[in-house]
Amino acid sequence: DSQTSTGKLPQCVLRAAHSYGKPVLALCGKLESGAGEAFELALQVTPENMPLSTAMKSSIARGNIINAIVSNGDAILSVLGYR
């Protein structure tokens, strides 16, 4: 969310990884406009129309993460330098 750049853990990971020249991919439950700009790739894993109460269920969340990774596999590989 918009607070990520103000010291939340993803921002700390981003700074550390970039200090070593490593790309950072962010998997987000919900990706607000502009929140993922600092990352090489930021993916929203929860479908827009899915209620939070549903998205928070472990099996649903796991499926959403897997779907996001599979659906964006080429972009992920590209950012990691494999394509």
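Which residues are exposed on the other side of H1? They are Leu 9 and Ser 19. Exposed means over 50% relative accessible area, buried means under 20%, and partly exposed lies in between (1.4 Å probe, protein chains only).

This is a predicted model, where local features need pLDDT of at least 70, side-chain atom pairs count only at pLDDT 80 or more, and totals for chains, interfaces and linings use all residues. Residues are numbered from 1 along each chain as its sequence is written, and side-chain values use heavy atoms, with hydrogens and water left out.

**Helix H1**

Helix H1 spans residues 9–19. Helices (H or I, at least four residues) and strands (E, at least two) are DSSP runs, numbered from the N terminus. Gln 11, Leu 14 and Ala 17 are buried in H1. They sit on the same side of H1 because they cover an arc of only 130° around the axis. That arc is taken from the directions from the helix axis to the C-beta atoms. Gly 21 follows H1, and its phi is positive, near 75°. Ala 17 can also be placed against Ile 76, which is 59 residues apart from it along the chain. Their C-alpha atoms are separated by 16 Å.

**Strands E1 and E2**

Strand E1 covers residues 25–28. Ala 26 and Cys 28 form its covered face, while Leu 25 and Leu 27 form the uncovered one. E1 runs parallel to strand E2 (residues 41–44), and four bridges join them. Two strands pair if DSSP finds at least two bridges between them. Ala 26 has Ala 42 as its bridge partner in E2.

**Cysteines**

A disulfide is a covalent bond between the sulfur atoms of two cysteines. Here the cut-off is a pair of cysteine sulfur atoms within 2.5 Å. The structure holds zero disulfides. Cys 12 is in none, and the nearest cysteine sulfur, that of Cys 28, is 15 Å away.

**A surface patch**

Leu 25, Leu 77, Leu 80 and Tyr 82 make a nonpolar surface patch of about 370 Å². Patch residues have over 30% relative accessible area and no salt bridge; like charges are joined within 9 Å, nonpolar side chains (Val, Leu, Ile, Met, Phe, Trp, Tyr) within 5 Å. A salt bridge is a side-chain nitrogen of Lys or Arg within 4 Å of a carboxyl oxygen of Asp or Glu. Leu 80 lies in the segment after helix H4 (73–79).

| Residue | Relative accessible area | Class |
|---|---|---|
| Leu 80 | 40% | partly exposed |
| Cys 12 | 37% | partly exposed |
| Cys 28 | 16% | buried |
| Ala 17 | 16% | buried |

Note on methods:
Areas by Shrake-Rupley, 256 points an atom, 1.4 Å probe, with all protein chains shown as cover.
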